[in-house]
Amino acid sequence: MRNALRRAVGGFVLGIVAGALPGMAAAPIPHPQWLALKAREPQRAASALATALAARPAPLPGEGLAIRNAFTTREGRTVVRFDQTQAGFRVYGAMGLGHVEADGRITVHGKGLLPGAVPQGVPSLSADQAKAIALSHLGLKGRPLPPKVEQVVFPTALADGLKAAYDPSTRSLSVDRTYSVLGGRPAAAHVWAYQVDVFTRNAEDGITDMRLIIDAATGAVLKKLTNLQTQAAPEVLLPGTPAKGSGMGQYVGNVTLDTTQAEDGTFGLRDGTRGSLPNPYFLAYENIDLTGITTFWEIHTPENWGWLSLYAGKTANLWGDGFPFMDFPHEGDGNGETAAVDAHFGLGLTWDMYRNVFGREGLDGEGTTPFAQVHIRNPGTGMKFDNAMWSNNLYGMFFGDGTYYPDTTFPPDSPMPGNPMGMMSLTELDIAGHELSHGLTFSTAGLIYSGESGGLNEASSDIMGTLVEAYANRPAGQDDTIPDYGTDWLMGSRTRPSGPLRYMRKPSRDHLSADNWYEGLDWMEVHYSSGPMNRCFYYLAQGASASVLDETHSDYLPGGMDGIGNDKAGRIWFKALTEFMTPTTTYVQAGECMLEAAAELYGAASPEAQAVRNALTAINVQAEGMPLLTRVTFPVVHSGGVLGGDPGEFLSRLKIVPQGTAVTVTAAVLNNADTAITLKVGAHRATIASPVDADPTEAGTVNGDGTWTAPLRQGFFFITALSKARPEQFAEGLVLVVNLDADADNEQDAVDLGAAAFSWYLGQTLRPTHSPYGGYTVDDLDVQLFQEAIQTAWNQK
Amino acid sequence: MRNRFVTFLFPALVAALLIGCGGSSSVATSGPVVPSGLTYTDPAGSGWRLVKDASSTPTRLVLNLVGPSGLKCRGVGFNLKAAGALRFVALGNGLHAVDRGVFELKNVAPDPLNPPPSPEPVLFATGVKPGNMLTLGLFQKDRRATAKAVDAPVLTIAVDLDPARASALAVGSTVALDITKARIIPEDIGSVGSMVDMMAKAQMVDIQIAVGGVTLN
């Protein structure tokens, strides 16, 4: 029975207040009643907090909860998110939830909390010292905006270590030195740390937004993430009155735009009808009260490179010429306005969908204003940019113009040849909806942007962007419903002439994304690990085919399923994201959240809830109430040190071995009496859809007894273990083959360690062999790889 | 004790033979003696050598690597191949050697704004390769650390008698313990200010390590 009494998480068993069990969420309540509940939101949130605090059976000294934010749904539920605290400091990645219903019933959910988060001692470093460490680590070329520093309790299970970067052009992995951190996992389960956010908008670094976790005792960098998710008394910006204008976008065509007429009678692209609270970045860092969605352009004159300029001062409320952007210096004229029309319209439409369909005022439910900036450039080269981004700290979206050119000749006045594989302006409607929806996730679930939670973060934006596209095609007057048509289920289908950015129906069509969940999915870049949830949403909305010839067929649900329509599927996802998910939510947990949402909206035994179970099963996610699935799993190799990983992460299973040495590969089969496996190895992926098709070139083969001789080539190799009983179930592991022959005497041994010392932290290697994986420099990561490879290969017990 | 027994027995046998010619006395025969211990003779010379440590036991040889007097270097590595009757011993932390603290293995002047990882990886590793060969490396990674005198033990290893394999050998047999490769990082590794100088001197130097005789007893 689905109820609000969650399973225990360590010491947190959180329960229900006031005996009645919660049932299905009620329909939307009358607006005056909603306003009354909204007005009492602080008191209701406080009640939820009191309930959550009282429900803890044996809190540790100093353990607490603090309200992060709250919003009230149209059904009259106030959703309260709690930060877990210790001695008043936030526990990173931990989040509790409270639901206060319209009738006052309270349920609290603790599955996002982390038990026993009590670090020892006190910080040795100051916040200023942590800030200095972060700035030194990032090595920025220009001056950043003032960093934000917060002391936190950091669960060391979330620490990073070695990171791998996927090169789609070669379909292979390499060591990612940008995001690898060598701090090493502290032995304690929780430590004091500082969360330092460093963000820039300058000519030297461009737009960056990085988050580092610094160990408050040692100063080591424990985690490194991007906050950029890629698609006076303060001066009041562009005061005036709302006015309707006309725009001609490249993608949206001729549209009505919500603008502002200034006091002097001129018009500007500020929409005062959407956004009632000022943008926090502009208020804090520019001393500007920016209220109402506003679209800017980026200046590219040498003296003002990177500065923002308003689209304003026009005597006629007419914007854009509908044609692709020509290039500098047209950013501010009619041609440059075209991208602004698409962006401005897309942001407004997304805002309307949140408001009219889901009952939410903006990203945070309070109407805080985001902004859009078009024509952004690559800060290093000054060239056009093939991406769009959302920044949490800047609270805005940034759109590149794209590098597309129909052939490889030189475009007029361009020093670079044309790029037929590039993109056009990244202001297409679904991309605009995608980017703005990162702000929605930031304000609610806060899904951490790496691993499975990162893939879910990206999937959520793809889902929202797709729904915006459908919403744009709704019948007139039906503003509160998302139609079942109107989207092509392709992300950015018109942005890149060579093909869309992603395929929701069959993600693997891009040869990069996964179709289904498997152990090992979490190593993928988040834009590719989003594939399974994208596909799940498609199945939920539109169904799956029973025909193996159809691209929507699933081997995990061979009989297919019926969809429930875009509107119902969207409501389930929105509710799951905003009311149930937390920063560390995994695919399995996301499925649980979707079932919770479906049960509340339509009933636990409803066809909609069953459709959720079917859709999850179709992407190989174990769903409550469905048959237990066979699973394949690799053993954990290491769980600490520089290369240590959370046992749930793929790097905890990574083996480091010297080239040409014998390796024994083992994997376990769970939930099946037949534990036989088939093992395959490949140098790189033939297709991402089927890791088992990994290209065996240069990789050799795994023998029946699991032994494999690492080839005489350094690099990552994919190892796949399939269940013989259920071949559609598999796990993917990795082996990093290194060349220990640092002294180049054709023999790998511990004597080679000495050669590494000659190049250690010199800035470049004296000889390439000094790095075991051929890196440009030699540092402690290389030292660790040497040690671990020797230990793996020649550790006699 | 065994030696003493044999000594006592021999005169008794002689007396019996001398006294009892034609008598009916007899001596029970026994099987071949299985080796149960190791004897090590330190090598001669004053260069790099493996010398026996006082903590050795009859079945375990504990050997210290000592360098020549007057030499300074920045670390040493070697491969030591042993006969099958010997087994290299893991001495702690999964390593087959103990660092005696002569060399400075860590970052000697860490940047407080970029502190080393914790635990800090160091250039010290051991393994036993196929063919019963110990491979060992112990080096200073930070060129800012000065070279160290090596005339005291720099590291310690240990080998045990493998009784099962030794049973095929006779008491008194010598067993092989051979250095197949040995190198040091020399004192002069070039001036940081000159890439040309550093590149020219980025080479380890071959050395000879003398190993004493190992006998089964």
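At what angle do helix H6 (residues 429-443) and helix H7 (residues 451-471) of chain A pack, and how far apart are their axes?

Modeller: Happy to. A word on the source: this is a predicted model, where local features need pLDDT of at least 70 and side-chain atom pairs count only at pLDDT 80 or more, while totals for chains, interfaces and linings use all residues. Residues are numbered from 1 along each chain as its sequence is written, and chains are lettered from A and ligands numbered from 1 in the order in which they are written.

Now to your pair. H6(A) and H7(A) pack at about 130°, and 7 Å separates their axes. Helices here are DSSP runs of H or I with at least four residues, strands are E runs of at least two, and both are numbered from the N terminus. The axes are lines fitted to C-alpha atoms over the stretch in contact, with angles running from 0 to 180 degrees between N-to-C directions. The angle therefore makes H6(A) oblique to H7(A); angles under 35 degrees count as roughly parallel, over 145 as roughly antiparallel, 65 to 115 as roughly perpendicular, and the rest as oblique. The crossing of H6(A) past H7(A) is right-handed, meaning that the near helix is turned clockwise from the far one by less than a right angle.

As for who meets whom, H6(A) contributes residues including Leu429(A), Ile431(A), His434(A) and His438(A). From H7(A), the partners include Asn457(A), Ser460(A), Met464(A) and Val468(A). Contact means C-beta atoms, placed from the backbone, within 7 Å. By class, this contact has 10 polar, 5 nonpolar and 3 charged residues. Ala, Val, Leu, Ile, Met, Phe, Trp, Tyr, Cys and Pro count as nonpolar, Asp, Glu, Lys and Arg as charged, and the others, Gly among them, as polar.

Other helices of chain A face chain B. There, 37 residues of chain A are in contact with 38 residues of chain B. Helices H3 (127-138), H13 (753-759) and H14 (780-794) of chain A each supply at least two residues of that side, and H14(A) gives the most, with 9 residues. The side of chain A that touches chain B divides into 20 nonpolar, 13 polar and 4 charged residues.

Chain B itself has 3 helices and 15 strands. Of its 217 residues, 35% count as buried, that is, with 20 or more other C-beta atoms within 10 Å of their own.

Technical notes. Contact = placed C-beta atoms within 7 Å. Buried ≥ 20, exposed ≤ 12 C-beta atoms within 10 Å, placed from the backbone.
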